[in-house]
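Please go through the model below with this report at hand.

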Amino acid sequence: MRIEKIQVLRGPNIWSIRRKKLIQMRLNLEELEDFPTNKIDGFRERIEALLPSMHAHRCSEGEAGGFFKRVEMGTWMGHVIEHIALEIQHLAGMSVGFGRTRETKTPGTYNVVFDYVEEKVGVFAAEESVKIAQALIDNTDYNIADCVQKLKEIREQERLGPSTGSIVEEAVSRDIPWIRLGRNSLVQLGYGVNQQRFQATITGNTSSIAVDIACNKELTKKMLDDAAIPVPTGGLVSDVEQLESVIKKIGYPIVIKPLDGNHGRGQTINVNDWETAKIGLEHAQNVSRRVIVEKYVTGFDFRVLVINHKMVAAARRVPAHIIGDGENNIQYLIDLENQDPRRGYGHENVLTEIKVDKDTNELLEKLEYSLETIPQKGEIVYLKSTANLSTGGTSIDVTEMVHPDNITMMERISRIIGLDVCGVDVMAENLTQPLKESGGAILEVNAAPGFRMHLAPSEGLPRNVAAPVVDMLYPQGKACRIPIMAVTGTNGKTTTTRILSHIVKNSGYRVGFTTSDGIYIQNTMLSKGDTTGPLSAEFILKDPTVEFAVLETARGGILRSGLGFSRCDVGILTNIKEDHLGLNDIHSLKDLTRVKRVVLDSVKKDGWAILNADDEYSMKIKNDLECQVAIFSMDENNPYIQKYAREGKTTCVFEDGYVTIKKGEWKIRIEKVKNIPITMEGKARFMIENVLAASLAAYVYGFEIQNIALALTTFIPSAQLTPGRLNIFKFKNFKVMIDFAHNPAGYEAIEDFLKNVESNKKIGIISGVGDRRDEDIRECGKIAGRMFDHIIIRSEKHLRGREEEEINNLLIEGINSSGREVSYEIIPKEIEALKHAMSMAEDGMFITALSDVLTNAIELVQDYQHREMLEDNHTL
């Protein structure tokens, strides 16, 4: 077996719209294609022995044990690997269950698809599942426990922390989209101008001054003391002399902790003698040079959580401990406690495993105990000096028990420090009495407090403390998304995207859009290149200035990673034509339709899908969509248009020289085509199609007719605004046109346009694209032979797996089959070919350069124009 490729799908994809997180592994079974599981001796017994929990896999049998039954009957190894990849993730504590295995058009090669929780875990599961299957085939040992542990470790390295994760889960439950910014806990909720950011439990609205105050324990203590909040007495020390002075002032017992510490690092509590105090000072100074020394307040450790200045939860925290049974030693009791199913590795469960460390050993030494000591029955032995859950502590919810005076105090503290999300550490016998009566005190105020103890306490009611955070970031009525229009299809995507963006901008929105030549906000290019994939879409959605997104969405990005957005308001399908066939398992127009419809399937239910009524494959999907559908056509008498009219539905047509919206039989004329510059006075029919698509999308979204019309008449085509889309450059005696056409449908559109161009001689500069099918390259040559009088064949910069001569021969075969006597020559370099064509230009000649790469050609022609202008001025 051989893994050919592993892809991580992060958005709606060809396998599932709702399951956005999928691994797609292309697996070549090689000789195993001839050996299904029933032909491998002992395979069923070995896989059941190694992974007995797979009995729960129902598979297509629809019952427990169904997968093992399939193995017994005989199934291919790709299917087995799919199930192994799911099972090992499940054993590592991740909830997954979706999988598909489908053979490609290449015999013995399969796409193995399964869902994941964390990307790197999914990739590791893909690779390791193949190794496991191979071990089972070879009857060699495999340590499944090590594999599962490795998966857990990767998950802990990659996952969001429990607090961050809880806020994301709450947002998702409210249909708020989210994007992880980087690999840490910085998260964006919402899109564009409606985004909110948070990291751990610090929000974008959290005051940086408040965080600084909370991190400075001495300043926090002073501000609280000045506000009549009870705090322990003590002082700030930097050396042994100052330590001695403070101890003389406040007396034992004391607590020693670093000024800038957190999570209990560097703390020593309940210190009762000078030697221990000096050791505690040294320990604290490993974290912070300046150290706080306070009177040790007896009682229980409580954490009170205040969000948006309202108390939402309170918990009593208990350090990791064991309870003696009079029979077993401390190490045995720790191991026994770690078997509690609520405990797990890192943050995978409600509680964390207890690990023996320096803190544990020091606490035991104070008791003159060791791990071999057998505690008395009922004796509590504390194993950590702090009650942090991350070190094995437990929590007890006491929210309902907090006295109203204490609630008022906690909410007041959050305002004194200035934190919108605030954790208050309290030491007291209880919270049922006012602190001033119980003798309790405020120990610390925490920015970015952990939520885990409240979300899943060891005892008491769990509290959804993420909800008030999301309430604060998105109060009722506040939008979290921005409108998204997504444009897909074979030809016309970029122009349709640009027209739509112009309409949106002229309707008062700040628009961000992606195209095959770059990413733009308003008309400013921010990134150059083919930007039609999910990362480019995410670029727009992450920008805090964007109010409306128009996203060109090409097949490559969908196949590679899925969509870069969860859903859109309007999805436009321009057409489905022969292009890129034979690549990435897309061999037919039916396959290509399956890819393109991912965009339309992502349209929200009350949104709109815009379809081309003149395109056979586009119309095949109209009845399968769950959203509203509107269609456009160059022919008012198109049968689909007529049917939609009878049903009172919305369409857009080219009729009597106008771009017209039809609502049922009623007509709303937007603008005369001759007044729309991008159509070249109506000569470029394929541009009219793009105008129809954009106009219909704008109309159904809700833009005013007059705004659409104004935008269409002010959208002036140029090399700057629409690079490579019918860019015509006028010289004194001839014209040059540069266009992006690179497939048969694109060539036919240019052929249709050139019929309306008067010229003494039409010269074409063409090239073949190496990753297209032979028949597509030949067809381009044939169409070129029909529309040009002389052809210059050049080479693309990237041959994409073919030889230059092979591509040229296919083009020549096509030219020779055109039915016309057409002269041709070969000039490999694009610039040289263009220079040659312009050097031979005669009066009335029209030169057309069809190119998959445009920048160099446009720059050269513009340079020639500039030189001609200078020469004319010099002559004058």
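## Overall chain

This is a predicted model. The chain holds 29 helices and 38 strands. Along the principal axes, its C-alpha atoms fill a box of roughly 105 × 75 × 60 Å.

Of the 876 residues, 56% are buried. Consider the contacts with a separation of 6 or more: 68% of them link residues 24 or more positions apart.

Strand 4 spans residues 109-115. Its burial is complete: 7 of the 7 residues are buried, so the strand is largely enclosed by the rest of the structure. In a regular strand, side chains alternate between the two faces of the sheet. Thr109, Asn111, Val113 and Asp115 point one way from strand 4. Tyr110, Val112 and Phe114 point the other way. Both sets are buried.

Strand 4 pairs with strand 2 (residues 22-28) through 7 bridges, in the antiparallel sense. Here Met25 has Val112 of strand 4 as its bridge partner. Strand 3 (residues 99-103) also pairs antiparallel with strand 4, over 5 bridges. Strand 3 and strand 4 form a hairpin with 5 residues between the strands. Gly108 in this hairpin takes a positive phi near 85°.

Phe198 stands opposite Thr203 of strand 8.

Strand 30 (residues 650-655) and strand 31 (residues 658-663) are antiparallel, with 6 bridges between them. Phe654 is bridged to Val659 of strand 31. These two strands form a hairpin with 2 residues between them. Asp656, in the turn, has a positive phi of about 50°.

Strand 31 also pairs with strand 32 (residues 666-672), again antiparallel and again by 6 bridges. Lys663 has Trp666 of strand 32 as its bridge partner. The hairpin of strand 31 and strand 32 has 2 residues between the strands. There, Gly664 takes a positive phi near 65°.

## Helix 23 against helix 24

How do the axes of helix 23 and helix 24 cross, and at what angle? Helix 23 covers residues 685-701 and helix 24 covers residues 705-713. Their axes come within 10 Å and cross at roughly 150°. Angles over 145 degrees count as roughly antiparallel, so helix 23 is roughly antiparallel to helix 24. The crossing is right-handed.

Which residues make the contact? Helix 23 supplies Val691, Ser695, Ala698 and Tyr699. Helix 24 supplies Ile705, Ile708 and Leu712. By class, the contact has 6 nonpolar residues, 1 polar residue and no charged residues.

Key. Residues numbered from 1 in each chain as written. Predicted model: local features only at pLDDT ≥ 70, side-chain atom pairs only at ≥ 80, totals over all residues. Heavy atoms only, no water. Axes fitted to C-alpha atoms, helices over the stretch in contact; angles between N-to-C directions. Helix = DSSP H or I, 4+ residues; strand = E, 2+ residues; numbered from the N terminus. Parallel < 35°, antiparallel > 145°, perpendicular 65-115°, else oblique. Left-handed = near helix turned anticlockwise from the far one by under 90°. Contact = heavy atoms within 4.5 Å. Nonpolar A, V, L, I, M, F, W, Y, C, P; charged D, E, K, R; others polar. Pairing = 2+ DSSP bridges. Buried < 20%, exposed > 50% of the residue type's maximum accessible area, 1.4 Å probe, protein only.
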